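Hi everyone, thanks for making time this morning. Have a look at the screen with me.

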Amino acid sequence: MAANRRNGMHPSEPGLVGVVSAAMALPRMSLPTVATVVAAVAALYFGREVFLPIAIALLLTFALAPLVSALKRLGIPRLPAVIASVLGAFTVLALFSFIVATQVSELAQNIPLYQSNILTKVRSLKETGVGGGVIARLSEAIERVGQELDSQETSPPAADQPRREPVPVEIIARERPLQVLQNLIGPLISPLASAGLIVVVVIFMLLEREDLRDRFIRLVGYGDLHRTTEALQEAGKRVGRYLLMQLVVNIVYAIPVTAGLWVLGIPNALLWGLLALALRFVPYIGPIIGALLPLFLALAVAPGWSLVLWTAGLFVAMEMITGNVVEPWLYGSRTGLSPLAIIVAAIFWTWLWGPLGLVLSTPLTVCLVVLGRHVPQFEFLDVLFGNEPVLEPHARLYQRLLAGDPEEATDHAEEMLEEKYLFEFYDKVAIPALLLGEQDRVRGVMGDEQRRRVAASAQMLVANLDDSAREEAEEDDDPATVEPATADKDKDKDKDKDKDKDKDKQAQAEGEDDTELPDGTDMSVLCAGGRGELDDAAAAMLAQVLEVQGATVSKASFADMDPTGIRRLELDAVDTVVVGFLNLDSVKHARFLVRRLKRAKAALRVGIVFWSEDGDDKETEVELANDINADFVAFGMVEAVLGALSSDPPVALKVAAKRRMRRRPRPAKKAPLAAAK
C-alpha cells in the first residue's frame with residue numbers, strides 16, 4: 001500500500017476492480033482426480049488382453065476408412081468394399097510376415113559361416129591394442145568369474161566314500177502324434193486367434209462406422225454436437241493421415257536401403273529392408289535398431305572394416321534425406337505432438353502393452369491429444385502432449401521478464417520480428433506483457449523488487465532490440481528495399497494466418513489495415529512514463545518506434561513528471577510530449593500533467609497514452625482529450641505514433657473558471673449610545 005501511495009496509484013479505484021475481477025474470473029482447467037487416472041491406467045494394464053486388440057482394430061479402421069470411401073465412390077457397395085479392403089490389408093501383412101520368416105530362417109542357417117570373420121576381427125583388435133587392452137582385461141575377468149563359479153558349484157567328494165563312476169542313462173520319449181501336433185500348433189493358437197478377432201472387429205467397425213459414431217455422440221457429446229463431431233473428424237483425419245504418410249515415408253526409406261545393401265553385398269538385404277520399413281513406425285529408437293542389425297552382419301561378412309563403414313554411411317545418408325526432405329514434403333499435417341511427448345508416450349505405452357504398445361504409442365497419443373483439444377475435462381492432455389504453444393506470446397514474454405531473463409525475452413522477440421514490424425511487436429506483445437505486470441501490481445501480488453525487476457528487464461529488452469530497430473530504419477530509408485521487405489513480411493503473415501486461422505483473426509484484420517506511420521524527420525518528441533517504472537518501460541518502447549520513424553526522441557522517467565521535475569525539463573527544442581499510463585484509472589493525474597506541461601511551454605503539444613489491449617475508440621479518445629485538455633489521447637502504439645508525429649497546432653490551455661467567494665454581509669453599525677440618549 002505504501003508503495004502504491006508513493007507512485008500515486010490507488011488499488012481501490014473502480015476501473016481496476018473490474019480488471020482484477022475479470023482476470024480472476026478466467027476459466028481454469030479442470031484436472032481429473034488422481035484416483036481416476038490410476039483407475040484408468042490399471043484398467044488398461046490388467047485388461048490388455050481385451051483393450052489391445054480393440055486398439056489395433058480401431059487404428060486399422062482409421063487407416064482403412066479412406067480406402068473404403070474411395071471404393072464406394074467408384075460404385076462398389078459397402079460390404080464388398082469393406083471385405084476387399086480388410087482382406088487386402090491383411091494379405092499384405094501376411095505376405096510381409098512370411099517373407100520375414102523365410103529370410104530369418106535362411107540367415108540362421110548361414111550364421112556359423114560368419115563366425116570366422118568375427119573371430120578374426122576380435123584378434124585384430126587384441127593385436128593392435130585398441131582401447132589399451134580393455135578387451136583382454138574384460139575377457140580375463142570373465143574367465144576368472146566363471147572359474148570361481150565352477151569351483152563353488154563342484155564340491156570335492158568325501159574321503160571315506162569310494163568314488164562311483166556315473167552310469168549313462170538314455171531317456172527315450174515316446175510321444176503320441178496328437179501330442180506332437182498339439183506342441184506344434186499350441187503356440188500359434190493365441191496369435192492366430194488375436195489376428196482373427198482383429199479382422200472381425202475391423203470389418204464390423206467399417207460396416208457400422210456411422211452407427212458407432214452416432215452412438216458415441218449420444219453417449220458422450222449429445223449436449224454439444226458441434227464439438228463432438230469436430231473431435232471425431234479431426235481424430236480420424238489426423239490418425240489416418242499419420243498412418244498413411246508414415247507408411248509412404250517408410251516405403252520410400254526402405255527401397256533405397258534394400259537396394260543399397262544388395263549392392264554392398266549384405267546377405268538377406270530384403271529382410272533388412274522390410275525390418276527397416278516396420279521399425280520406422282517405432283519413434284526414434286526404431287531406425288537405430290533397424291540399422292544395428294545390418295551393421296552387425298556387415299561386421300561378420302567381410303574380414304575388413306570397409307563394408308561396415310559403407311553400411312553406416314548408407315543408413316546415415318538415408319536418415320538425413322528422409323528427415324530433411326521426404327518427411328517435410330509428404331507430411332501435409334503434423335501429428336500435433338511435441339518431441340518430448342512422443343518419447344514419454346513411447347515409454348508409457350511400452351510399459352503398458354509391451355512391444356505392440358511401442359508401435360501404437362504415437363497414434364494412440366494423437367487420439368488423446370485430439371480428445372483433450374475438444375473436451376474441457378481432458379484439456380490437460382493437450383497441454384502436456386500437444387505441440388501448440390500453451391502460453392500466449394505476451395504471457396510468455398511477461399513470464400521471462402518476471403524471471404529477470406531479458407536474454408531469452410530478446411530471443412523470443414527477434415523470432416517474432418522476422419515476421420512482424422517493431423511497432424507490431426510492441427503493440428501486440430510487449431505492451432500487453434507490461435499490462436499483465438500492472439494487473440499483478442494492482443492485485444497486490446507483485447512487490448517492489450519484482451516490479452523493478454520486470455521494468456529493468458523490459459528496459460534491457462528495448463536496448464537489445466536497438467540493432468533490429470536500426471535495421472528497420474535503414475530499410476525504410478532505402479526505397480529499393482521497402483517494397484520487397486514489405487512483400488516478404490506480408491507473405492510470412494499470410495502463411496501464419498493460414499496455419500492458425502482461429503487465433504489470428506484479429507491479426508488478419510490488422511494485416512489488412514493500410515495505415516502507414518508518418519515520417520518523423522525534423523520533429524522532436526519527449527516520451528515519459530506516467531506513474532511508475534513499468535510506465536517508463538512502455539515509454540522507452542514508444543521512443544524506439546519514434547526513432548525508427550526518424551524523429552529526435554528524448555526520454556524522461558515518471559519521477560521527472562512531478563511539479564519540481566517538470567520545471568527542470570528542457571522543453572525549448574521539444575515539439576511534443578507523450579506521457580503513457582498502464583493504469584487506466586489515471587485520468588485525473590493525466591489532467592494535472594497536461595496542465596503543468598502546457599504552463600511550462602504554451603506552444604507544446606501534449607499527448608496522453610492509456611495503454612490497452614482493446615484497441616482504440618475514436619469517440620472515447622476525443623472525449624478524453626477534451627476532458628483533460630490534451631492534444632491527443634491514444635490507446636495503442638499506432639495511435640500514439642500518429643499523434644506524436646502530427647503537425648496539428650497545439651491546443652490552448654483552458655483557463656479554469658475562478659470560483660467567486662461568497663462574502664458575508666457586514667453587520668449594521670449601531671448608533672452611539674450618547675446620540676441615542
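Asn268 counts as buried because its relative accessible area is 10%. By buried I mean under 20% relative accessible area, with exposed being over 50% and partly exposed in between, using a 1.4 Å probe and protein chains only. Where does Asn268 sit? You'll find Asn268 in the loop between helix H10 (225-264) and helix H11 (269-279). Asn268 also has a positive phi of about 55°, although it is not a glycine.

A word on what you are looking at: this is a predicted model, in which local features need pLDDT of at least 70 and side-chain atom pairs count only at pLDDT 80 or more, while totals for chains, interfaces and linings use all residues. Residues are numbered from 1 along each chain as its sequence is written, and side-chain values use heavy atoms, with hydrogens and water left out.

Now, Asn629 is another residue with a positive phi, about 65°, that is not a glycine. Asn629 is in the loop between H27 and S5, and it counts as buried because its relative accessibility is 7%. Keep that loop in mind, please; we'll come back to it.

Let me zoom out for a moment. The chain has 29 helices and 5 strands. Helices here are DSSP runs of H or I with at least four residues, strands are runs of E with at least two, and both are numbered from the N terminus. Of the 677 residues in the chain, 37% are buried. The accessible surface comes to about 41,400 Å², and 61% of that belongs to carbon and sulfur atoms. Those areas come from the Shrake-Rupley method with a 1.4 Å probe, and for residues only the protein chains shown count as cover.

Next, contacts, meaning heavy atoms within 4.5 Å. Among contacts in the chain with a separation of 6 or more, 75% are between residues 24 or more positions apart. Phe96, in helix H5 (residues 78-110), gives us an example. Leaving out residues up to four places away in sequence, Phe96 touches Leu274 and Ala278. Phe96 and Leu274 are 178 residues apart along the chain, yet their C-alpha atoms are separated by 7.7 Å. Is Phe96 buried, exposed or partly exposed? Phe96 counts as partly exposed, because its relative accessibility is 24%.

Compare that with Thr61 in helix H4 (residues 48-73). Thr61 counts as buried, because its relative accessibility is 7%.

On to salt bridges. The rule is a side-chain nitrogen of Lys or Arg within 4 Å of a carboxyl oxygen of Asp or Glu, and by that rule there are 12. Lys598 and Asp631 are both buried.

Glu438 and Arg441 make another salt bridge, at 2.8 Å from N to O. They are separated by about one helical turn, because they are 3 residues apart in helix H19 (residues 422-443). Glu438 and Arg441 are buried too.

Finally, the surface. Patches are made of residues with over 30% relative accessible area and no salt bridge, joining like charges within 9 Å and nonpolar side chains (Val, Leu, Ile, Met, Phe, Trp, Tyr) within 5 Å. Which residues make the nonpolar patch? Tyr284, Ile285, Ile289, Leu293, Leu340, Ile343, Val344 and Ile347 form a nonpolar surface patch of about 740 Å². Helix H12 (285-301) and helix H14 (339-353) each supply at least two of its residues, and H14 gives the largest share, 4 residues. Ile347 belongs to helix H14 and counts as exposed, because its relative accessibility is 59%.

That's my tour, so please jump in with questions!
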